[in-house]
Amino acid sequence: MAYSVTLNGPGPWGFRLQGGKDFNMPLTISRITPGSKAAQSQMNQGDLVVAIDGVNTDSMTHLEAQNKIKSATYNLSLTLQK
């Protein structure tokens, strides 16, 4: 079940990613920092990252996803799947 989260910027957002096309793994939330913007949303460790700012992550490498997240200054919009 997919759901959307918008974190108000600027970063740090308070979560870590793992996976990516270069690892042959889906992009996944691997860690959420307690008390962070991510922790105050409904994001959970283990959720799949389906899209970052409306861009599908299927073909994104880990670095591309990191750069896309870093380039978000005002808001970060994520589509996640439990």
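A pocket, on a 1 Å grid over the protein atoms alone, is an open set of points where a 1.4 Å probe fits, with protein on both sides within 12 Å along at least five of seven lines, and its lining residues have an atom within 4 Å of a point. Grid points are joined across faces, edges and corners, and a volume is the space filled by probe spheres set on the points.

This is a predicted model, in which local features need pLDDT of at least 70 and side-chain atom pairs count only at pLDDT 80 or more, while totals for chains, interfaces and linings use all residues. Residues are numbered from 1 along each chain as its sequence is written, and side-chain values use heavy atoms, with hydrogens and water left out.

The largest pocket has a volume of about 260 Å³, and its lining includes W13, F15, R31 and K70. Strand β2 (15–20) and helix α1 (62–70) each supply at least two lining residues, where helices (H or I, at least four residues) and strands (E, at least two) are DSSP runs numbered from the N terminus.

Within strand β3 (residues 25–32) lies I29, which counts as buried because its relative accessibility is 2%, buried meaning under 20% relative accessible area with a 1.4 Å probe and protein chains only. Leaving aside residues up to four places away in sequence, I29 touches F15, R16 and L17, among others including V49 and L80, contact meaning heavy atoms within 4.5 Å. I29 and D47 are 18 residues apart in sequence, yet their C-alpha atoms are 5.5 Å apart in space.

How values were computed. Buried < 20%, exposed > 50% of the residue type's maximum accessible area, 1.4 Å probe, protein only.
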